[in-house]
Amino acid sequence: MAVQQEDYLGITDYKVVGTRPVRHDGADKVTGRAIYGTDLNLPDMLHASVLRSPHAHARIKSIDTSKAEVLEGVRAVVTGQDLALNAEEQLADLGEEVVRVKDMCAAVLAREKVLYQGYPVAAVAATNVHIAEEALDLIEVEYEVLPHVLDVREAMKDDAPLVHEDQRTKSMGEQSENFSNVASHFRTELGDIEQGFAEADVIVEREFRTDMVHQGYIEPQNATVLWNADGVVTIWCSNQGAFGVRDQTARILGIPVSQIKVVPLEIGGGFGGKIKAYLEPIAALLSRKTGHPVKMIMSRTEVLQATGPTSGSWIRVKMGATKDGKLVAAESELAYEAGAFSGSPVGAGARNMLAPYIIPHVLVDGYDVVNNKPSSSAYRAPGTTNAAYAVETVVDELAEKLGVDPLEFRLSNSAKEGTRRADGPVNKRIGHEECVRAAVSSDHYQTALDGKYRGRGVASGFWGNGGGVSSAAASVNADGTINLVEGSTDIGGTRTSVAMQMAEVLGISEQQIRPQVGDTDSIGYTGVTGGSRTTFATGWAAYKCAQDIKEQMMARAAMLWEISEDDVEFDQGVFQSKSDPSKSITFKDLAAQLDSTGGPVMGRATAKPTGVGGAYAVAIVDVEVDPDTGKVDILRASIFQDAGKAIYPPYVEGQMQGGVAQAIGWALNEEYVYDEDGILRNSSLLDYRMPTCLDLPMIEAHIVEVPNPGHPYGVRGVGEVPIVPPTAAVANAIYDAIGLRLTELPMSPPRVLEAWWDKNGGNGSA
Amino acid sequence: MPEVWIPSLMRKLTDGQEKVVVGGNTLREVIENLDAQFPGIKDRVVYEDYRIAPGLAVAIDGVVTEEGLRTQIPPDSEVHFVTSIAGG
């Protein structure tokens with residue numbers, strides 16, 4: 001169901017945008033014809049496996065690969081010593097961060113130390129994967145085990161074991177004198193926090209903890225690489241950005257990007273976890289050594305142990321409101337686990353956590369902290385779900401203390417166009433109010449929830465969305481169809497949402513567009529499919545590409561009719577002479593005339609749009625708590641989300657439902673469980689408990705449309721914000737059900753039961 | 001002229017001033033003029049004289065720029081240094 005707030009640029013009669021056609025990749029996906037990385041098999045291909053650290057923190061004293069190398073069937077062994085020996089102190093500019101090439105290499109294969117259990121130490125290529133795995137057992141590694149640190153608060157202490165002996169704390173460009181696990185510290189300050197709390201009549205302060213959680217994509221990381229005799233490296237892989245893999249691999253191997261071609265295959269989920277190149281550089285090294293293509297596939301245990309989950313965190317939130325229900329102050333500290341290397345999403349959490357509200361006095365401190373866990377990666381609205389869980393729980397408690405309906409409290413304090421965000425800038429056109437209103441008037445909220453141990457919770461959330469660079473190229477066929485090549489890996493159906501924007505411009509059906517994802521030699525540079533940017537930015541590139549085609553086709557019509565180009569107009573897929581309306585031709589018929597009017601027509605465009613529109617969402621969740629087991633059942637869940645303009649509503653709804661499902665897993669069950677030795681104890685999907693369809697009701701997705709003025713069709717980006725509010729909504733629902741404020745994720749049966757027993761005593765009978 | 005909001009961790013360089021009005025048509029000019037007035041700021045927000053420092057982003061009138069130091073700065077605009085964000 002779509003709640004449309006206004007039309008954009010006077011467009012009231014979209015022909016393609018907003019419709020629900022058959023998706024372009026549908027037939028291949030449902031018939032199993034789509035080619036994923038594990039489907040790829042090349043002649044003379046070898047298979048490789050990785051030896052991983054059994055220790056959370058250790059110095060490598062020696063590695064002896066001699067026994068593995070002589071095992072029958074083994075063709076090559078590599079270690080960290082094979083990587084970029086000439087790049088020790090080079091820096092790599094990766095856009096949002098500048099990193100030492102030495103660190104990039106060390107993350108791929110250990111050189112001096114291992115920094116978490118599962119850290120890659122060596123790799124073997126063999127004629128089959130079983131021989132490769134057998135050879136791993138023959139590699140002898142002598143470790144000096146070092147003290148490790150797992151807890152984020154422990155890691156911040158002055159006497160904590162140092163993950164990196166040379167790391168100092170950076171605070172807005174200033175560097176500390178002492179070495180520390182705190183990689184960076186920043187502060188956001190608005191107004192006068194002391195004055196704000198002095199004005200408050202009600203103040204709530206709580207501390208929250210969340211554990212590392214994984215993105216949980218079903219397809220494990222995989223890569224097949226051929227380092228050809230001519231020096232060209234071809235990579236087939238499952239990744240969110242082919243160009244990103246190319247750039248990372250080039251840096252790590254110390255070769256030019258022009259020497260690498262990355263061929264993106266279908267991707268079985270990413271959610272931010274498939275941006276880093278884990279296997280590609282290793283497979284490339286093994287291919288260079290052997291002259292054969294080398295294929296690598298991670299096991300599920302490797303995925304959980306050694307790819308990037310999102311950060312665990314400790315968050316303190318203190319907020320104050322006046323007795324008439326106005327938020328006046330918010331203070332927070334956030335400490336996020338970066339894992340082995342700095343780069344947690346604490347900045348995003350800090351900037352987004354208060355975005356739904358107008359708060360005049362704010363003080364937020366953020367800390368990026370390394371520890372002996374896998375290096376964190378992006379995960380759907382990185383860092384923001386943790387922070388929203390904390391803030392939205394406190395907001396809920398303030399509303400309760402003030403005796404105000406929680407949605408009305410959010411509405412009366414809602415950020416809107418022209419109000420100042422807590423991190424400084426003034427809001428453009430945003431849709432939080434509209435989302436809250438849609439939630440208030442929904443059937444879900446208007447339907448009473450009855451029953452013992454049942455409760456309802458609500459929460460808001462924000463994600464800023466991304467822009468970035470995208471490219472598109474297209475050629476017009478004689479039958480009026482168009483072959484569209486774009487650079488964005490298709491996650492969540494972006495082929496279709498991009499093609500629909502091209503079709504809308506040209507007044508043709510989206511089925512007349514054949515969208516393909518090009519390899520890095522076939523299309524211009526395109527950023528990663530992440531940050532909810534693809535339908536926005538690659539869609540914009542397709543929009544511009546379509547405009548290019550339209551202009552060229554208008555010139556062909558003028559040539560056909562022997563009139564001035566200025567005399568040609570175009571509307572709804574039909575070219576017409578302004579001065580002689582009897583001269584008229586459809587796009588399809590004109591396409592058939594291209595050979596006689598100058599030859600093929602090709603369009604191309606790049607886009608680096610700046611008009612990114614942030615997105616809000618509001619969740620309502622009903623739960624039932626079993627006081628005997630602590631199990632929480634989700635009875636009903638609704639999400640209300642500002643999509644700007646939903647280009648392809650089924651995909652938008654799918655993103656919303658997927659985000660809520662992941663958030664519910666995060667809220668109730670998912671966590672990395674480490675023992676005291678730093679060993680991950682739940683590295684399988686049997687023990688790492690993700691929700692299944694049996695755990696979830698049909699999630700009700702309500703699209704709200706407050707068009708983004710920064711996009712031709714008002715697109716905002718939809719992939720990330722739906723994961724932000726539901727964890728807090730679940731927590732608030734549990735409180736409504738049993739009167740317990742749970743401040744640690746996941747709110748798993750043992751935690752719920754312990755809290756219930758603490759409250760009610762003994763066995764908790766009540 | 002543009003109004004630059006100074007991050008609180010850098011205000012000791014501006015004698016505690018939270019906002020500074022400073023001339024400049026591009027972000028580079030604004031930062032260099034700011035640095036002339038308050039030495040040390042440029043080193044904190046610019047990396048090797050060619051890009052905004054890693055981890056930082058700059059919002060001009062509420063929009064985070066992707067054009068770096070050459071970004072055109074409209075007169076009377078608000079300039080904020082904020083933490084950079086990457087999506088998933």
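Trainee: Which residues touch the most other members of the largest nonpolar core?
Mentor: This is a predicted model, and in it that core has 116 residues. A:Met319, A:Leu354, A:Ile734 and A:Met747 touch the most other members.

Trainee: And which helix gives the most to this core?
Mentor: Helix 11 of chain A, residues 384–402, with 10 residues.

Trainee: What does A:Met747 touch?
Mentor: Leaving aside residues up to four places away in sequence, A:Met747 touches A:Ala667, A:Leu668, A:Thr727, A:Val730, A:Ala731, A:Ile734, A:Leu742 and A:Val752.

Trainee: OK, switching to the interface. How many residues of each chain are in contact?
Mentor: On chain B 30 residues, in contact with 41 residues of chain A. The area buried between the two chains is about 2900 Å², and carbon and sulfur atoms give 55% of that.

Trainee: How many salt bridges are there between chain B and chain A?
Mentor: Four. In one salt bridge, A:Arg420 pairs with B:Glu78, with the closest N and O atoms 2.7 Å apart.

Trainee: Which strand of chain B supplies the largest share of the side that touches chain A?
Mentor: Strand 7 of chain B, with four residues.

Trainee: And by class, what is on that side of chain B?
Mentor: You'll find 14 nonpolar, eight polar and eight charged residues there.

Methods
Residues are numbered from 1 along each chain as its sequence is written. Chains are lettered from A and ligands numbered from 1 in the order in which they are written. This is a predicted model: local features need pLDDT of at least 70, side-chain atom pairs count only at pLDDT 80 or more; totals for chains, interfaces and linings use all residues. Side-chain values use heavy atoms; hydrogens and water are left out. Contact means heavy atoms within 4.5 Å. Buried area is the accessible area (1.4 Å probe) that two parts lose on being put together, summed over both. A salt bridge is a side-chain nitrogen of Lys or Arg within 4 Å of a carboxyl oxygen of Asp or Glu. Helices (H or I, at least four residues) and strands (E, at least two) are DSSP runs, numbered from the N terminus. Ala, Val, Leu, Ile, Met, Phe, Trp, Tyr, Cys and Pro count as nonpolar, Asp, Glu, Lys and Arg as charged, and the others, Gly among them, as polar. A nonpolar core is a set of buried Ala, Val, Leu, Ile, Met, Phe, Trp, Tyr and Cys residues joined through side-chain atoms within 4.5 Å. Buried means under 20% relative accessible area, exposed over 50%, partly exposed in between (1.4 Å probe, protein chains only).
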